[in-house]
Amino acid sequence: MSVCQSLKTVKRLTSNTLFFALGMLLMINPSVADQLPATGCNTVSLDRLSTLQATARQLHNLGQFDQALSTYNELFLAVRLNDGLFSEQQLPVLDRLLAVNIDLSAWDSLNQYLNYHEWLTHRLFSKNPVALAEQLQVNSQHRHNAANRLEGPQRSWHLVQARTQLWRAVSALETLPDEADRLPPLWLKIANFHYELTHDSQRWLTSFENRTDEPVMISGWALGGDEVEQRSYEIGAELLQKISTYYRSRELPPEIDRYFSEATLISLQGDWELLFDQPQRAKQFYREALSIASRSSCAVDIREALFGQTVLLPVTDLGLGRSSCSETSLNAADIPVGLLFDNTETNRYRPHWRTLEDLDE
Amino acid sequence: MNNSQLHRSLKALRLPAILLAISAAVSACITAEEALQRQAGRMPTPAEVEQYNASVAPEERIVCRNEIPVGSNIPVRKCRLMNDIDETSTFHREQLRRALR
């Protein structure tokens, strides 16, 4: 390592641990370290960075994950050498590294990168709530992707962590009243995490979020399975109510039909009841949604958009950006009602408006 | 009923009416005070608890649950620090062990 580079690095380092970590990385990957004396203070050239980036992306797209991982690792190291250990430029590379680790099912490595991503995010953006919230959402998304490929305690662990990151994002955004519009989609995501976790809760085991930050299940003191489910239901219902209240108190853009948005939000509350086996309450919400829709000049279109096509539950998008009348292309008469809205153990659908009467059977 | 009788009846009703109005006003004040107290001392909702727990260290996390106090059938929502729950349960276990020796 050149004197110039050493001075640059020392200046940026605030902890001996990280200094040691960089040293270790240089030892592990000599191919990048070898370039240092030749390039002096600039360490790795921009051309080399672009080549690494393009190669890694290509390998990833081709499904050659091992080689992609190796190239991304090299790129990651190069970026850290060029811009420092606390540089924002690491984040896009980290994002790709996390994705490749998930593709490779390299869970230990993934956890290390996720922890590093989280630590770096807080280090970089402690005074920038919007950027902090965005990166926490990235972290959450990767954990969710990992959870989708895992089973059992590991899956639950990642789901809980993903949800926790979203709560942290919410807390960060709540400090900025001007950014309040970003909150409802996050609330919906958190509610959906609760729904996903209800399938994983086990009566006799300690729930992760209460006991420990480690991905280990400990038997003993716990919220029982029923209690976890009840709490998840309550939190989701509270969040959906919050979303509904939020939009009712706001002035919506003129292109958005207020009846459409209100009916959508109420139908989401109905969905929640249906997901937690409360068909009667769900029916009340759905009827209220239909009643609100009927006040609009586009009543039929709203009804068809919300209750006339296949809607897999839980809904992941608030869908408030639609204007209503012109955007519904489905003809209700063409839908085979009995086939589309057949709720099963694994898949739940919002009922068709014609079948609402039979919901409680 | 002539006019003077009506006047007397109304006069007789005046005092109770005033008392009733005062008591209604006083009770309204108490209700408002109570409402404020309740607002100030209200337990956090489940979502608020979870949001709080997400942003603090594990030892500072809280658990809120419905507990049925001895001598009552009405559940009361109680929030406790997880550390306190652990310590209390360890203490009770030790007491129980001592008693069983």
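So, which helix of chain A has the lowest confidence, and which the highest? This is a predicted model, and confidence here is pLDDT, the predictor's own score for each residue, from 0 to 100. Helix α4 (residues 36-39) of chain A is lowest, at a mean of 42, while helix α9 (residues 129-149) of chain A is highest, at 97. Over residues 217-221 of chain A the pLDDT is below 50, yet that stretch has 18 contacts beyond near neighbours in sequence, a contact being heavy atoms within 4.5 Å. Chain A as a whole averages 80, with 72% of the residues at 70 or above, that is, scoring at least 70.

Quick bookkeeping: local features need pLDDT of at least 70, side-chain atom pairs need 80 or more, and totals for chains, interfaces and linings use all residues. Residues are numbered from 1 along each chain as written, chains are lettered from A and ligands numbered from 1 in written order, and side-chain values use heavy atoms, without hydrogens or water.

Overall, chain A has 17 helices and two strands, which are DSSP runs (H or I, at least four residues; E, at least two), numbered from the N terminus.

Now one helix pair. Helix α5 (residues 46-61) of chain A packs against helix α6 (residues 65-83) of chain A at about 155°, axes 8 Å apart; axes are fitted to C-alpha atoms over the stretch in contact, and angles run from 0 to 180 degrees between N-to-C directions. So α5(A) is roughly antiparallel to α6(A), the cut-off being over 145 degrees. Among the residues in contact are L49(A) and L52(A) of α5(A), and L75(A) and V79(A) of α6(A).

Definitions and conventions. Angles under 35 degrees count as roughly parallel, over 145 as roughly antiparallel, 65 to 115 as roughly perpendicular and the rest as oblique.
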